[in-house]
Amino acid sequence: MEFDIDQIAQQIKGNDRRAFARAITLVESSNLDHQQLSLQLFQKLKCVKNYNQAIRLGITGTPGVGKSTFIDKLGLELVNRGLKLAVLAVDPSSQITGGSILGDKTRMAELSKHKSAFIRPLSTGPVNSGGVSRRTPEVVHLCELAGFDVVIIETTGVGQTDYQVSLMSDIFTLLISPGGGDELQGIKRGILEKVDMVLINKADGDLLPLARQTRSEYQSALHLFRHRNHDPIGYPKVNLLSAISGSGIENSWQDIINLCNWRKDNGTWDSIRRNQDVERFQFEIRQEVLGLLTANHSVENFVAQLKKEVIQGEKLPIQAALMVSEYLKKNLT
Ligand SMILES: Nc1nc2c(ncn2[C@@H]2O[C@H](COP(=O)(O)OP(=O)(O)O)[C@@H](O)[C@H]2O)c(=O)[nH]1
Ligand SMILES: [Mg+2]
């Protein structure tokens, strides 16, 4: 594929959706030339567009909890207020079921037709990469540079995705169903440390009393857990929501905006982003170094040989790992 960066940048500036979709493909590419072109595109977009920070909203929750329904409703609300919205759906299970993308398209039918909304399922990497495509943070950045006001990243939290998505979100939101309090014990402690908002969805009809009970369970769990001293009292918020009826959506969006403004006022908005950038940098260094090592044939052969010995029980894992370390010290310095 040929990419004319100047042209793509101009097209993106002119709201050309196809050009934008191609740019995402470019940014997601693992091809080295494409990666250089992506950097040029970032540079260009910074120049041609007045670039504002978007609100990056991460949304996680088990399949079926109502994420897509919620995003559709919230999304319509936002575009009707004149905001530009990008939705990136990171769904590792789509590789297995193959059906969820189709499902989301119909679930977000109304939103996907709106001229101010852009919806895109993202390719997912191997499970050990956290299920998130390695370039998802850069795709989010591209959305920001392209002038989207809000970027929603939807994930099912399989593998390490919650952690990865929290690193590319300003506001990280957990959706749960009524009765999800039973899950509370099983829920990864890491999520509760990271969430800014907990939304109890399906708080409608017969499920309402159970939803209320679940809310108090989460409130006390989060209360015990932590209060971030840089956030206002009462956060992480635990709100009732019905994505179907729409009740609780406006409220929750207001809570999100209030939290954003609070953090912008006290400077934590920027410091959180900078910390995320540093984590991202360090993550990428590890990936690059690992990539370099496995691209080196003698190292690869040495590791493959040791792996056999570990499998056969001839060496302890730690013993083999230390040998690799020694080998690298001798051969790479
Ligand atoms: N009663 C009720 N059902 C809901 C609500 N939100 C979503 N659902 C239903 O839950 C199912 C899964 O929704 P979906 O948005 O696809 O969940 P996702 O897998 O988390 O994206 C669908 O059948 C929805 O109609 C809600 O607020 N109340
Ligand atoms: Mg979904």
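Trainee: What is the strand order in the open sheet of seven strands?

Mentor: This is a predicted model, where local features need pLDDT of at least 70, side-chain atom pairs count only at pLDDT 80 or more, and totals for chains, interfaces and linings use all residues. Residues are numbered from 1 along each chain as its sequence is written, while chains are lettered from A and ligands numbered from 1 in written order. Strands (E, at least two residues) and helices (H or I, at least four) are DSSP runs numbered from the N terminus, and two strands pair if DSSP finds at least two bridges between them. Pairing here is parallel, and the order reads S3-S2-S4-S1-S5-S6-S7.

Trainee: Which are the edge strands?

Mentor: Look for strands that pair on one side only. Those are S3 (117–122) and S7 (237–240).

Trainee: Which residue stands opposite leucine 57?

Mentor: Strand S1 (residues 55–60) runs parallel to S5 (residues 171–176), and four bridges join them. Leucine 57's opposite number in S5 is isoleucine 171.

Trainee: Which helix gives the most to the shell around ligand 1?

Mentor: A residue counts as near the ligand if its C-beta atom, placed from the backbone, lies within 6 Å of it. Ligand 1 has 15 residues around it, with Gly66, Lys67, Ser68, Thr69 and Ala243 the closest. Three residues of the shell come from the top contributor, helix H4 (residues 67–80).

Trainee: How many of the 28 residues of H13 are buried?

Mentor: Buried means 20 or more other C-beta atoms within 10 Å of a residue's own, all placed from the backbone. H13 is hardly covered, and its buried count is zero.

How values were computed. A residue is buried if 20 or more other C-beta atoms lie within 10 Å of its own, exposed if 12 or fewer, and partly exposed in between; C-beta atoms are placed from the backbone.
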